[in-house]
Amino acid sequence: MIILTGAAGFIGSCFLQRLNQASIDKILIVDDLTKNKEKEKNLQGKKFKDYIHKDEFIKKAEQNKLPTSEFVIHMGACSSTTLAKEDYYRKNNFEYSKTLALWAHRQGAVFQYASSAATYGDGGFGYDDDNSITRTLQPLNFYGKYKQLFDLWILDNGFENKSTGIKFFNVFGPNEYHKGEMMSVICKKFRMLKDEGRITLFKSYRDDYKDGEQKRDFVYIKDTVEVMYYLFLHPDTTGIFNLGTGCAHSWNDVAHAMFRALNMQPRIDYIEMPAALRPNYQYFTEAKMDKLRTAGCRYQFRTLEDSVKDYATYLNDHAYL
């Protein structure tokens with residue numbers, strides 16, 4: 001049996017599909033479909049053994065009443081970086097993860113979980129997933145803070161050799177439509193591009209970055225799940241790993257790739273960034289990928305151009321966006 005939390009979410013649902021493609025369907029999926037009914041679309045056509053609400057699930061974990069499982073893949077969390085409810089992040093992203101990790105380790109199950117590039121904060125300490133650097137990081141928001149605290153909890157309690165953490169960088173692709181403000185720019189701006197022939201990007205508020213030249217390590221979901229599947233097949237590959245392409249691109253690069261994918265002339269307007277976002281905005285992220293490659297995963301990522309073109313084709317074919 002495999003347990004997959006966050007199974008109706010963006011990354012979770014895509015990984016569920018990847019498991020199904022490998023004829024794996026003995027999966028207990030965990031999520032909350034009551035607050036965002038749109039997520040149910042992400043489960044259409046997927047195969048799994050059973051579904052359980054995330055609150056009921058964690059109670060059963062605390063009571064040792066969950067079915068015996070060989071794998072626990074914990075993708076469930078609040079992924080918003082803008083909420084001001086620190087206690088919610090502590091309970092939902094930290095305490096919940098600790099309870100599940102302890103249950104998994106008591107069962108002798110493989111435990112793989114989602115960390116985040118948000119742990120790196122403003123990048124002042126770089127983007128190296130070496131454990132000694134992990135301890136120095138200073139996230140910019142509550143989301144990053146509690147992902148960081150869980151990484152440190154894994155290290156401090158000797159679970160590094162029994163767990164696999166994945167620091168996701170800027171993942172984009174199908175099944176993210178339900179994420180609201182946390183959708184990728186590609187998904188968020190696609191309708192504007194189609195309807196108006198233009199898109200908007202945030203201005204820069206730093207002299208060393210021109211408007212639209214803020215950079216991220218964008219990684220396509222189809223590549224993301226292949227790396228996750230590699231780690232699933234190699235449960236002895238433990239530790240905390242970055243998952244990005246290792247190559248940063250600007251928002252302007254993304255925008256121009258979108259226009260090219262639709263054979264349109266670029267029209268980009270630069271708009272004011274909300275004042276609340278400015279102090280906590282990451283101007284640059286780029287995953288250092290040596291640790292994962294040294295561990296044996298040498299997956300070759302798609303180019304940004306190819307990824308955006310593939311996603312644009314998907315978005316063009318799905319009228320509900």
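Tutor: Residues are numbered from 1 along each chain as its sequence is written, and side-chain values use heavy atoms, with hydrogens and water left out. In this predicted model, local features need pLDDT of at least 70 and side-chain atom pairs count only at pLDDT 80 or more, while totals for chains, interfaces and linings use all residues.

Student: What makes Cys14 and Cys187 buried?

Tutor: Buried means under 20% relative accessible area, exposed means over 50%, and partly exposed is in between (1.4 Å probe, protein chains only). Cys14 has a relative accessible area of 9%, so Cys14 is buried. Cys187 has 9%, so Cys187 is buried.

Student: Why are H3 and H5 called roughly parallel?

Tutor: Helices (H or I, at least four residues) and strands (E, at least two) are DSSP runs, numbered from the N terminus. Axes are lines fitted to C-alpha atoms, for helices over the stretch in contact, and angles run from 0 to 180 degrees between N-to-C directions. Angles under 35 degrees count as roughly parallel, over 145 as roughly antiparallel, 65 to 115 as roughly perpendicular and the rest as oblique. The axes of H3 (residues 86-107) and H5 (residues 142-156) cross at roughly 25° and come within 9 Å. H3 and H5 are therefore roughly parallel.

Student: Which residues make the contact of H3 with H5, and what is its composition?

Tutor: Contact means heavy atoms within 4.5 Å. On the H3 side the residues include Tyr89, Asn93 and Phe94, and on the H5 side they include Tyr143, Leu149 and Trp153. The residues of this contact divide into 10 nonpolar, 2 polar and 4 charged. Here Ala, Val, Leu, Ile, Met, Phe, Trp, Tyr, Cys and Pro count as nonpolar, Asp, Glu, Lys and Arg as charged, and the others, Gly among them, as polar.

Student: Is Tyr143 buried or exposed, and what is it in contact with?

Tutor: Tyr143 is in helix H5, and its relative accessibility is 11%, so Tyr143 counts as buried. Leaving aside neighbours within four places in sequence, its contacts include Cys78, Thr81, Tyr89, Asn93 and Ala118.

Student: How do H1 and H7 pack?

Tutor: H1 (residues 10-21) and H7 (residues 221-233) pack at an angle of about 60°, with their axes 9 Å apart. Cys14 and Arg18 are among the H1 residues that meet H7, where Val225, Glu226 and Tyr229 are among the partners. The residues of the contact divide into 10 nonpolar, no polar and 2 charged.

Student: How do you know that Arg18 is buried?

Tutor: Arg18 has a relative accessible area of 15%, so Arg18 is buried. Not counting residues up to four places away in sequence, Arg18 touches Val225, Glu226 and Tyr229.

Student: What makes Glu305 partly exposed?

Tutor: The relative accessible area of Glu305 is 33%, so Glu305 is partly exposed. Glu305 lies in helix H10 (residues 304-317) and touches Ala257 and Arg260, not counting residues up to four places away in sequence.
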